[in-house]
Amino acid sequence: MITFESLKHGPDGLVPAVVQDSETLQVVMVGYMNAEALAATYTKRQVTFYSRSRDKLWTKGETSGNTLALVSIEADCDMDTLLVKARPAGPTCHEGTPSCFGREGASGVGFLAALDQLIDRRRGGDPQGSYTARLLHGSLVKAAQKVGEEGVETALAAVAESDEAFLNEASDLLYHVLVLARHKGLSLTQILTVLESRHQ
């Protein structure tokens, strides 16, 4: 656990805190913490900052409900900036976007985690209006069969079709693997944990 005494802070007693979505790894906002804000974050397990404009502590989402549940805090190599990993509940930015840096959601590899979260939310969706909800409400066997079908189609596209066809089939395969994992109550994060453990 990071202690404030171990950090190098400015004359105002503050250190910048960069907040990252723990699953998509998208940077969602930057705030400032003093000793009390850091302690409150650890105690409440909700990311809390020191507001320079209001001259007081504030817990993200205390009025909007769009909280940041603490996952971890690390300090940089100079011990003067914090990296806070959190699970956002709703949009982080006051403009209603996932991040204060641009209007788009996570991109690149982080998009897979965002897609995984979206799939999980579709559990509560109407099976009549959502293909994903239909798979999640259907049998596990059916969801598993779709992964098998997409796997075969991906392999065939790789050897007999264009690169574009292969990329489309591979995308379908990744999507159906994520749906199957969520059908079993598992997540992309757990899959990644297994992959990471194989390379340590």
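**View 1. The largest pocket.** The largest pocket has a volume of about 380 Å³ (the space filled by 1.4 Å probe spheres set on the pocket's grid points, which are joined across faces, edges and corners). A pocket here is an open set of points on a 1 Å grid over the protein atoms alone, where a 1.4 Å probe fits, with protein on both sides within 12 Å along at least five of seven lines. Before you look further: this is a predicted model, where local features need pLDDT of at least 70 and side-chain atom pairs count only at 80 or more, while totals for chains, interfaces and linings use all residues. Residues are numbered from 1 along each chain as its sequence is written, and side-chain values use heavy atoms, leaving out hydrogens and water.

**View 2. Who lines the largest pocket.** There are 18 lining residues (those with an atom within 4 Å of a pocket point). Look for Glu 23, Leu 188, Thr 189, Leu 192 and Glu 196, which lie nearest the centre of this pocket. Elements giving two or more residues to its lining are α2 (109-121), α5 (163-183) and α6 (188-197). Which element gives the most to this lining? That's α6, with seven residues. Sorted by class, the lining has 11 nonpolar, five polar and two charged residues (nonpolar: Ala, Val, Leu, Ile, Met, Phe, Trp, Tyr, Cys, Pro; charged: Asp, Glu, Lys, Arg; polar: the others, Gly among them).

**View 3. The second largest pocket.** This one has a volume of about 320 Å³. Its lining has 17 residues, and Asp 21, Pro 98, Ala 114, Gln 117 and Arg 121 sit nearest its centre. Here α2 gives the most, with six residues. Nine of the lining residues are nonpolar, six are polar and two are charged.

**View 4. The annotated stretch.** An unreviewed UniProt entry marks residues 29-101 as "domain: Phosphoribosyl-AMP cyclohydrolase" (positions follow the numbering used here, names are shortened, and annotations may be inferred rather than shown by experiment). The end C-alpha atoms of residues 29-101 lie 7 Å apart. This span is 14% helix and 38% strand.

**View 5. Stepping back to the fold.** Starting at the N terminus, the order is β-β-α-β-β-β-β-α-α-α-α-α. The C-alpha atoms fill a box of roughly 65 × 40 × 30 Å, taken along the principal axes. Of the 200 residues, 36% count as buried (under 20% relative accessible area, with a 1.4 Å probe and protein chains only).

Notes:
Helix = DSSP H or I, 4+ residues; strand = E, 2+ residues; numbered from the N terminus. Buried < 20%, exposed > 50% of the residue type's maximum accessible area, 1.4 Å probe, protein only.
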